[in-house]
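Q: Could you show me how to read a structural model one feature at a time, beginning with a single residue and what surrounds it?

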Amino acid sequence: NARHTGADLAEVTSGSAVATRGVRDAWGVGAEISRRIAGKTAGVALQLGAEAGIDRWRFDLTDGSPRNRLAVGGFVRLEAPVSSRLAAVIAGRITGSASVFAPDELPDGFSARVALRYGVLVGAAVILP
């Protein structure tokens, strides 16, 4: 699978918050496996799956140097055939990876945390013979 993620950056203290919009951007590729948990082979089906891949993060900050991170996640997907070779898809997904920041890049009092992303996807899937 291929995926794109965009993110804002917020710095929050006890007295203020500063948000920077569109500061992070990531493209990723990976592989997924899934198992049908409800439905028929030729009809509407509900799937549960897992994925792993590599995300390449780009920052619109000082040097903009890209960073690669291993990403793993899971999803629930509903597929409904539209034709013999195409299915409509809606999915809920959560993906996690190591922090895109090194500890020495963070201000005092901040710590690197796991980067969690979640979302709902709507699209189409090609059905292979």
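Q: Leaving aside neighbours within four places in sequence, which residues is Ser97 in contact with?

A: This is a predicted model, in which local features need pLDDT of at least 70 and side-chain atom pairs count only at pLDDT 80 or more, while totals for chains, interfaces and linings use all residues. Residues are numbered from 1 along each chain as its sequence is written, and side-chain values use heavy atoms, with hydrogens and water left out. Contact means heavy atoms within 4.5 Å. Once its neighbours within four places in sequence are set aside, Ser97 is in contact with Arg69, Leu70, Ala71, Val114, Ala115 and Arg117.

Q: Is Ser97 buried or exposed, and what does its side chain make a polar contact with?

A: Buried means under 20% relative accessible area and exposed over 50%, with partly exposed in between, as computed with a 1.4 Å probe on protein chains only. Ser97 has a relative accessible area of 5%, so Ser97 is buried. A polar contact is a pair of N or O atoms within 3.5 Å; within protein, one must be able to donate a hydrogen and the other to accept it, and residues adjacent in sequence count only if both atoms are side-chain atoms. The side chain of Ser97 makes such a contact, at 3.5 Å, with the side chain of Arg117.

Q: Which elements does the chain have?

A: Helices (H or I, at least four residues) and strands (E, at least two) are DSSP runs, numbered from the N terminus. Here the chain has zero helices and six strands. Buried residues make up 28% of the 129 residues in the chain, and 52% of the contacts with a separation of 6 or more are between residues 24 or more positions apart.

Q: How many bridges join β4 to β5, and how do I place the other strands beside them?

A: Two strands pair if DSSP finds at least two bridges between them. Strands β4 and β5 run antiparallel and are joined by 11 bridges, with a hairpin of four residues leading from β4 to β5. On its other pairing, β4 meets β3 in the antiparallel sense over 13 bridges. Strand β5, residues 86-97, also pairs with β6, residues 115-126, in the antiparallel sense over 12 bridges.

Q: Which residue in β5 stands opposite Gly74?

A: Gly74 stands opposite Ile94 in β5, and Gly74 is also the bridge partner, in β4, of Ala50. Elsewhere along these pairings, Arg77 stands opposite Ala91 in β5, and Ser97 stands opposite Ala115 in β6.

Q: Where is Leu78 placed, and is Leu78 buried or partly exposed?

A: In a regular strand the side chains alternate between the two faces of the sheet. Leu78 lies in strand β4 and, at 38% relative accessibility, counts as partly exposed. Apart from neighbours within four places in sequence, Leu78 is in contact with Val44, Ala45, Leu46, Ala88, Val89 and Ile90. The C-alpha atoms of Leu78 and Ile90 are separated by 5.4 Å, although these residues are 12 residues apart along the chain.

Leu46, in strand β3, is likewise partly exposed, at 30% relative accessibility. Among the residues in contact with Leu46, beyond four places in sequence, are Arg35, Arg36, Val76 and Leu78.

Q: What does Glu79 touch, not counting residues up to four places away in sequence?

A: With that exclusion, Glu79 touches Gly43, Val44, Ala45, Gln47, Ala87, Ala88, Val89 and Ala125. Glu79 is placed in strand β4 and counts as buried, at 18% relative accessibility. A polar contact of 3.2 Å joins the side chains of Glu79 and Arg77.

Q: What volume does the second largest pocket have, and which residues are closest to its centre?

A: Rolling a probe the size of a water molecule over the atoms shows where empty space is left. On a 1 Å grid over the protein atoms alone, a pocket is an open set of points where a 1.4 Å probe fits, with protein on both sides within 12 Å along at least five of seven lines, and lining residues have an atom within 4 Å of a point. Grid points are joined across faces, edges and corners, and a volume is the space filled by probe spheres set on the points. The second largest pocket has a volume of about 280 Å³. Of the 14 residues that line this pocket, the closest to its centre are Thr41, Gln47, Glu79, Ala87 and Ile127. The elements giving two or more residues to the lining are β3 (45-59) and β4 (67-81).
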